[in-house]
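Thanks for coming, everyone. I have one structure to walk you through today. Please take a look at it first.

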Amino acid sequence: MQTHKVQTQIGGRTLTLETGKIGKQASGAVMASYGDCVVLGATVRAQPREGIDFFPLTVDYREKAYAGGKFPGGFFKREGRPTNKEILTMRMIDRPIRPLFPKGFMDEIQIQTFVLSADPEFDADITAIVAASASLALSDAPFEGPIGAVRVGRVGGRYIINPTYEQVEASEFDMVLAGHPDGVNMIEVGAQETPEDVVLKGIRAGYEEIRRICDLISQLRAVAGKPVSWTPPEPNQALLSKVREMAYDEMVKRRQIPGKLERQTAVKELYDQVMDQLSPKDAQSSEFERSAVFNALHEMEEEIVTRMVLESGKRSDGRGPTDIRPISAEVGFLPRTHGSALFCRGETQSIVVATLGTARDEQIVDGLAEEYSKKFMLHYNFPPFCVGEARRIMGPGRREIGHGALAERSLEAVLPTAESFPYTIRLVSEITESNGSSSMASVCGGTLALMDAGVPISQPVAGISIGSFHDQNKRILVTDIIGEEDHFGDMDFKIAGTQRGITGIQLDLKERAIAFETIEQAFAQARKARLDILRAMLTVLPRPRAEISRYAPRIITVRIDPEKIGLLIGPGGKGIRRIEAETGATIDIEDDGTVTIACSDMEGAQRAQEMVELVAVGVKVGKIYKGRVCSIKDFGAFIEIAPGQDGLCHISELSDGYVKSVSDVCKVGDIMEVKVILIDDQGRVKLSRKALLKESREERKSTSA
């Protein structure tokens with residue numbers, strides 16, 4: 001097989017696409033190279049499974065450890081289940097590709113992407129999307145692409161295409177765009193309260209590069225693509241007419257029942273009635289297949305939902321296009337958690353719980369990029385009962401991981417710095433009822449849970465989803481979409497932010513592309529809704545609580561001279577273990593001398609702080625210390641006032657009266673408060689208990705006078 005190669009400049013680097021050398025038995029295979037990043041994309045088209053009534057598209061993305069010169073972690077030293085990063089990239093490949101297959105196509109499509117070489121300066125996900133698109137474009141599948149993808153950042157007012165890790169860190173936002181020659185069809189954004197117009201300009205800048213990538217893939221397809229072999233099925237007009245005659249008017253009535261479950265039940269009953277009449281379950285043969293009747297009913301229902309919105313401006317639950325469902329919320333309703341909130345918007349309900357932890361609770365993320373730790377996590381759960389279903393209970397799927405990541409980045413921008421609030425924060429959103437936009441409910445509930453936990457966020461964040469319905473003459477955007485509007489409508493445009501600007505975006509599109517005018521209108525509509533939701537949230541809790549929960553650990557940060565770290569740790573860790581055992585605190589030390597002390601109560605944390613500072617600063621004459629009696633002699637008691645530092649309290653300094661024997665005043669293990677009265681030339685410390693007793697007596701006399 002002849003090899004073919006095309007290349008162009010994107011974002012200051014060369015993008016190269018090559019086929020005919022690797023993966024020649026796949027339906028389409030492309031090696032995409034960008035800088036030192038190399039990704040193999042391979043597509044296979046298989047025959048449709050018998051009786052299937054959906055489009056089975058599978059997308060897989062894997063980061064091979066060898067690509068970054070690493071060994072996989074774990075006991076087996078072999079790549080295993082996909083990481084969250086890999087799953088999120090699979091979703092970003094799938095979402096812009098899926099809508100570009102024609103209706104009625106049900107052959108199995110499997111797309112695999114492997115990172116074979118990782119560039120240490122930037123992420124491989126964009127290259128993977130391009131590789132997947134190119135391999136699919138070369139196959140014989142009826143893919144109405146190709147698509148291209150770029151990452152966009154903005155540093156110092158300048159838009160950057162495919163920024164490095166360092167540039168993303170400094171950027172106002174991290175945006176991933178995908179699209180094709182006719183427009184944008186996927187947007188992912190995490191932003192630092194960025195104004196809508198700045199984000200829109202970034203989308204326009206990125207789209208120009210996307211078109212150039214699509215041109216490059218088209219060049220490769222022209223010389224190496226396989227001819228498309230698929231004939232669209234002819235619509236069964238007789239069936240469509242029969243279904244409309246039997247069920248159209250009744251479907252219109254049932255679609256207007258306000259409650260979700262009541263409406264679903266009524267519509268399902270109508271489906272069953274029509275299907276049983278046209279294709280009975282127990283019939284040996286019938287004029288129409290049961291699945292075909294179902295599809296005809298579904299097509300009619302979609303038309304009715306769209307016409308209701310476009311012609312009357314009235315939605316299934318009776319709302320107008322921009323109406324938000326009723327909002328209610330509670331905070332602090334779980335007694336032992338560090339922070340909790342219940343957020344309800346219509347028939348969507350989320351319990352969000354905040355947990356505060358120490359540096360030891362941080363999540364270590366090990367991938368192709370340099371290992372790093374996360375101090376903020378948001379986990380999203382979607383149990384079957386929240387939609388009235390009983391199904392197999394498993395771990396989090398791609399949807400749960402994707403929704404959690406969206407809510408996490410939407411809240412990340414308003415969190416305090418690690419220096420000002422050294423806690424590890426975990427939010428868990430339990431969706432207990434769902435009818436649309438549960439990820440945005442997680443953002444709203446997450447804000448309230450953070451404030452209830454006493455996390456000093458800079459601004460409250462709210463989120464809303466904007467949907468769309470259109471025909472040849474008209475388009476209407478609808479605010480706060482319910483599940484059915486997501487299913488039958490054109491898009492699910494989730495936008496989260498503060499009163500200042502956007503913090504998170506996720507666009508899922510069912511139609512071919514979204515116009516820039518529609519994006520601008522969606523931004524404006526979402527901003528108005530967001531401000532309304534924020535006002536409702538702040539009536540429940542107007543600001544973060546002044547104190548964290550009494551059940552949360554108390555954390556104190558101390559800086560010491562890095563040269564004193566060894567002294568603090570002690571031989572074999574003896575010094576640190578001693579402080580932890582005596583105070584109940586946990587202590588973490590950074591190489592720069594930052595010491596983080598965490599304890600379940602403030603008294604223990606402060607005691608540990610004193611002990612750490614004793615080691616770091618040293619003993620000072622005139623200061624008072626609490627120490628432990630470590631040995632007793634005839635002439636006095638030796639008291640350890642800091643790890644590895646003791647002093648002598650002479651028998652004459654043990655009390656303000658006569659002391660016959662040291663053991664009359666103290667024994668080994670007693671905790672005593674003493675004052676340093678002298679440090680001699682040899683560094684020996686002289687302590688006095690008598691001085692403290694005398695000062696206490698004089699203070700009492702002064703008070704009584």
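I'll go from the whole chain down to single residues.

Keep in mind that this is a predicted model. The chain has 705 residues, and 52% of them are buried. Along its principal axes, the C-alpha trace spans about 115 × 60 × 55 Å. There are 15 helices and 29 strands. Now the contacts. Take those between residues at least 6 apart in sequence: 68% of them join residues at least 24 apart.

Next, the core. In soluble globular proteins, nonpolar side chains tend to be buried together. Here the largest nonpolar core has 123 residues. The residues with the most contacts inside this core are Leu17, Ile97, Ile187, Ile203, Phe493 and Phe523. Which helix gives the most to this core? Helix H4, residues 196–224, with twelve residues. Let's zoom in on isoleucine 97. Leaving aside neighbours within four places in sequence, isoleucine 97 is in contact with Leu57, Ile111, Ala132, Leu136, Phe143 and Ile147.

On to the open sheet. Five strands form it, in the order S11-S12-S13-S17-S16, and the pairing is mixed. The edges are strand S11 (327–331) and strand S16 (376–381), each pairing on one side only. From one strand to the next, the twist averages 15°. Look at the S11 side. S11 and strand S12 (residues 339–345) run antiparallel, joined by five bridges. Valine 331 stands opposite alanine 341 in S12. Helices pack here too. Helix H9 (residues 438–452) packs on the sheet and touches S11, S12, strand S13 (348–357), S16 and S17. The direction of H9 makes about 145° with that of S12. Then there is helix H8, residues 398–412. H8 lies across S16 and strand S17 (424–433), running at about 140° to S16.

Now a residue I'd like you to find: aspartate 480. Where does it sit? In the loop between strand S19 (475–479) and helix H10 (483–488). Buried or exposed? Aspartate 480 has 0% relative accessibility, so it counts as buried. The side chain of aspartate 480 makes a polar contact of 2.8 Å with the side chain of arginine 345. Not counting residues up to four places away in sequence, aspartate 480 touches Arg315, Arg319, Asp323, Ile324, Arg325, Arg345, Ile464, Ser465 and Glu485.

A second residue: leucine 534, in helix H11 (residues 516–538). Leucine 534 is buried because its relative accessible area is 6%, and the cut-off for buried is under 20%. Leucine 534 and proline 460 are 74 residues apart along the chain, yet their C-alpha atoms are separated by 7.2 Å. With residues up to four places away in sequence left out, leucine 534 touches Pro460, Val461, Ala462, Thr498 and Gln499.

Next, helix H14. H14 has 16 residues, 602–617. Now its ends. Aspartate 601 caps the N-terminal end, with a side-chain oxygen 3.3 Å from the backbone nitrogen of glutamate 603. After H14 comes glycine 618, whose phi is positive, near 95°. Buried residues in H14 are Gly604, Ala605, Arg607, Ala608, Met611, Val612, Leu614, Val615 and Ala616.

Start with strand S25 (residues 624–633) and strand S26 (residues 636–642): they run antiparallel, joined by five bridges. A hairpin links S25 to S26 through two residues. Arginine 628 stands opposite glutamate 640 in S26. Lysine 633 has glycine 636 in S26 as its bridge partner. S26 is mostly covered, with six of its seven residues buried.

On to strand S27, residues 645–650. S26 and S27 also run antiparallel, with six bridges. Glutamate 640 has aspartate 646 in S27 as its bridge partner. S26 and S27 form a hairpin with two residues between them. In that turn, glycine 644 has a positive phi of about 80°.

That's the tour. I'm happy to take questions.

Terms used:
Residues numbered from 1 in each chain as written. Predicted model: local features only at pLDDT ≥ 70, side-chain atom pairs only at ≥ 80, totals over all residues. Heavy atoms only, no water. Helix = DSSP H or I, 4+ residues; strand = E, 2+ residues; numbered from the N terminus. Expected span 1.5 Å × (residues − 1). Buried < 20%, exposed > 50% of the residue type's maximum accessible area, 1.4 Å probe, protein only. Polar contact = N/O pair within 3.5 Å; in protein donor to acceptor, adjacent residues only side chain to side chain. Core = buried A, V, L, I, M, F, W, Y, C linked by side-chain atoms within 4.5 Å. Contact = heavy atoms within 4.5 Å. Pairing = 2+ DSSP bridges. Axes fitted to C-alpha atoms, helices over the stretch in contact; angles between N-to-C directions.
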